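Q: I'd like to go through this structure contact by contact. Can we start once it is on screen?
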Amino acid sequence: MKKKKKDPSVLYLRSENVLLPAGGSADVYLEFDTSIPKKKERFGYIVYDKKEFYQLSFCFPCASVYEDGKWNENPYISSDSESNYAKCADYDVTVQVPDGFTVMASGRENVEGQTVQIKGSQMRELAMVVSNGLKKKTGSVKGITVNCYGLDYDKNEAYHSLMLQAAMDSVELFTDLIGVYPYKEYDVVLSFIEGGMEYPGMVMVGLPDMDPKEYKNLDRAAPYDLERCSCVAHETAHQWFYGAVGNDPYRQPWLDESFAEYCENMLYLQSGKKSVAHCVNKNDQKDTDTKGRFSKKEFDEWMEIVLDQIVIEKPVDGRLDSYDISENEYSKAVYDNGSYFLYELQKTMGSNKFFHALRTYYKAYSLKEATKEDFFGVIRKADGSPKVENVIKKYSVG
């Protein structure tokens, strides 16, 4: 193996002694060591109240995608966004853990003593959280087992139940509107990260932004946390857009992030689902300003004002390196304007036609990889009117 000079995260396999015919294959065996940094990140570990939490993602080599006659060599992005691009594969991983530790991972876990075997089929990558300080709550919706893992304190029970409900509401909503969830199980792990991070069949959702001492009594500190429920919805939406319908998150990040943001703000928060209604009603009792409290009419009127005032400085469908992240260009274009783009498509096409197109797109590219040309092709086939074309031109590079 040798490293790429300009980017040490890219490795090349020397193939002088491996001669393969077209369409042939070879087995590759690789031994490596990984040091886990002590930090609150999607790859890192921390100790909280004498309990250990290992958040393990992007921590082993994976095969590059070969497209259009060349290998994809996206640079590694550590925290502000992501650049990992992979086709679906089958994983079979064995983990040895100390007594009292639980493994939560992409795929299904089979535990025999201190040995955990993880098997995942048709997954783009594998991540796991290993800890001796988490407790599980379980539910079921649409035939999917939904698990929520949170800090193991008695005064966190109601908070964990709310996060589980948000996950179940999201799975139900997106299944009804977009298509079937691709796996049999879904894990939400309340983690020591900022925001959230998606993986096939599992997501990490950051704990509330507050004094960590409050994490032992979240029922009191954050009883009606609609912001975290929204984060659960956003990361859950990635199971459809990234997990199922894959895309290159470096060259076309909007194809998963804009869609997840749209699902969070335009669908979940306006759904009236149990988790949303609970937070809105309780916060209304406290006389606070709460997202998700609009009626459909009020929301549409408010969005009309937003769309009239929107400023598009950068197209939503640019490459990651086309945005100045320090100036918030990426977030504004891909997350904010990207979700407005999809909403404006929905309003221009009409909800019935838009969601029919979205379901068609999802079914056509589930467990495959899509590009913006693929998405626009489905939209134009569903509605090739000048009004729809004007919406596309308003937001897109073209």
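Q: Which backbone oxygen lies 2.4 Å from a polar atom of the side chain of Ser83?
A: That of Pro75. A polar contact here is a pair of N or O atoms within 3.5 Å; within protein, one must be able to donate a hydrogen and the other to accept it, and residues adjacent in sequence count only if both atoms are side-chain atoms. Keep in mind that this is a predicted model: local features need pLDDT of at least 70, side-chain atom pairs count only at pLDDT 80 or more, and totals for chains, interfaces and linings use all residues. Residues are numbered from 1 along each chain as its sequence is written, and side-chain values use heavy atoms, with hydrogens and water left out.

Q: Where does Ser83 sit, and is it buried or exposed?
A: Ser83 is in the loop between strand S6 (70–71) and strand S7 (89–96). Its relative accessible area is 5%, so Ser83 is buried. Buried means under 20% relative accessible area, exposed over 50%, and partly exposed in between, with a 1.4 Å probe and protein chains only. Helices (H or I, at least four residues) and strands (E, at least two) are DSSP runs, numbered from the N terminus.

Q: OK, Thr236 next. What does its side chain touch?
A: The side chain of Tyr186, in a polar contact at 2.7 Å. The Thr236 side chain also reaches the backbone oxygen of Val232, at 2.6 Å.

Q: And where is Thr236?
A: In helix H3, which covers residues 226–237. Thr236 has a relative accessible area of 0%, so it is buried.

Q: Switching to charges. How many salt bridges does the structure hold?
A: There are 19. A salt bridge is a side-chain nitrogen of Lys or Arg within 4 Å of a carboxyl oxygen of Asp or Glu.

Q: What does Lys296 pair with?
A: Asp300, with the closest N and O atoms 2.9 Å apart. Both residues lie in helix H6, four residues apart, about one turn of the helix.

Q: What about Lys314, which side chain does it meet?
A: That of Glu329, in a salt bridge of 4.0 Å, N to O. Lys314 lies in the loop between H6 and helix H7 (329–349) and Glu329 is in H7, so the pair ties together parts that are 15 residues apart in sequence. Lys314 is partly exposed at 29% relative accessibility, and Glu329 is partly exposed too, at 24%.

Q: And Lys353, what is its partner?
A: Asp383, in a salt bridge at 3.7 Å, N to O. This pair links distant parts of the chain, 30 residues apart: Lys353 is in helix H8 (residues 351–365) and Asp383 in the loop between helix H9 (372–382) and helix H10 (386–395). Lys353 is partly exposed, at 36%, whereas Asp383 is buried, at 10%.

Q: Which residues do salt bridges with shared partners join into one network?
A: Lys87, Arg124 and Glu369.

Q: Backbone now. What is phi at Tyr242?
A: Positive, about 135 degrees, although Tyr242 is not a glycine. Most residues other than glycine have a negative phi. Tyr242 is in the loop between H3 and strand S17 (245–246), and is buried at 9% relative accessible area.

Q: And what is phi at Leu367?
A: Near 65 degrees, again a positive value in a residue other than glycine. Leu367 is in the loop between H8 and S18 and is partly exposed, with a relative accessible area of 28%.

Q: Last one: which strand holds Lys368?
A: Strand S18, residues 368–369. Lys368 is partly exposed, at 47% relative accessibility. From Lys368 to Phe32 the C-alpha to C-alpha distance is 29 Å, and the two are 336 residues apart in sequence.
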